[in-house]
Amino acid sequence: DELNIEFGYDYLFNWAKINLEKGDTEKGLELLNKALQLVKDNNDPALEAKISRDKGVFYSRQRLKNEEKLALINFQKSLNYFKNQNQIKNAISIYLIERGIISCYVKQPNYSADSVYYHYDKLRNILKYIQNPNLHAFYLCTYGRELITTPKPGTQSISKNQYQEGKNNII
């Protein structure tokens, strides 16, 4: 039954993330592989997009340079599907993808502030469809941190107004 397969996938994937966060990468990879085996015969584009998003999350949390590239590839693949779907219905998936892309960019040395601020704008636009206050708080805190630490595109330094905006977002 497809619903049981997807439930099993979600269960294994979430345990894979938990093990990765605990520092047990080997167990996390083992669980991820089991989850992927459950859905290997899947032909549903929506589930494929979800799997790509989840792979992106998993790879980005490993914090390895090659994994960051894989994360961005998977996030983009997933985003390509969701951007052509109902954004209201898929707001949380789009949010998670954009947040993942930002996370990958800011981990890179000498990252492009243009790209980061572009994806923060996309996050802000999708938030109007999301009621979860934790996602709004996460956005405000991370965007505030970005404003405090990185000049906006087209500027050489952080202005007092930009700094104050960042501080207000965090507090």
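The model is predicted: local features need pLDDT of at least 70, side-chain atom pairs count only at pLDDT 80 or more, and totals for chains, interfaces and linings use all residues. Residues are numbered from 1 along each chain as its sequence is written, and side-chain values use heavy atoms, without hydrogens and water.

**First stop: the largest pocket**

Select Val-57, Arg-61, Arg-99, Gly-100 and Ser-103, which lie nearest the centre of the largest pocket among its 26 lining residues. A pocket here is an open set of points on a 1 Å grid over the protein atoms alone, where a 1.4 Å probe fits, with protein on both sides within 12 Å along at least five of seven lines; lining residues have an atom within 4 Å of a point. The space amounts to about 560 Å³, a volume being that filled by probe spheres set on the points, which are joined across faces, edges and corners.

Next, colour α1 (2-21), α3 (45-62), α5 (91-107), α6 (113-127) and α7 (133-149), each of which gives at least two residues to this lining. Helices are DSSP runs (H or I, at least four residues), numbered from the N terminus. With seven residues, α5 provides the largest share.

Asp, Glu, Lys and Arg count as charged; Ala, Val, Leu, Ile, Met, Phe, Trp, Tyr, Cys and Pro as nonpolar; the others, Gly among them, as polar.

**Second stop: the second largest pocket**

Select Glu-2, Ile-5, Glu-6, Gln-37, Leu-38, Val-39, Lys-40, Asp-41, Asn-42, Asp-44 and Leu-47, the lining of the second largest pocket. Two or more of these residues come from each of α1 and α2 (25-38). The largest share, three residues, belongs to α1. This pocket holds about 190 Å³ of space, and its lining comprises five charged, four nonpolar and two polar residues.
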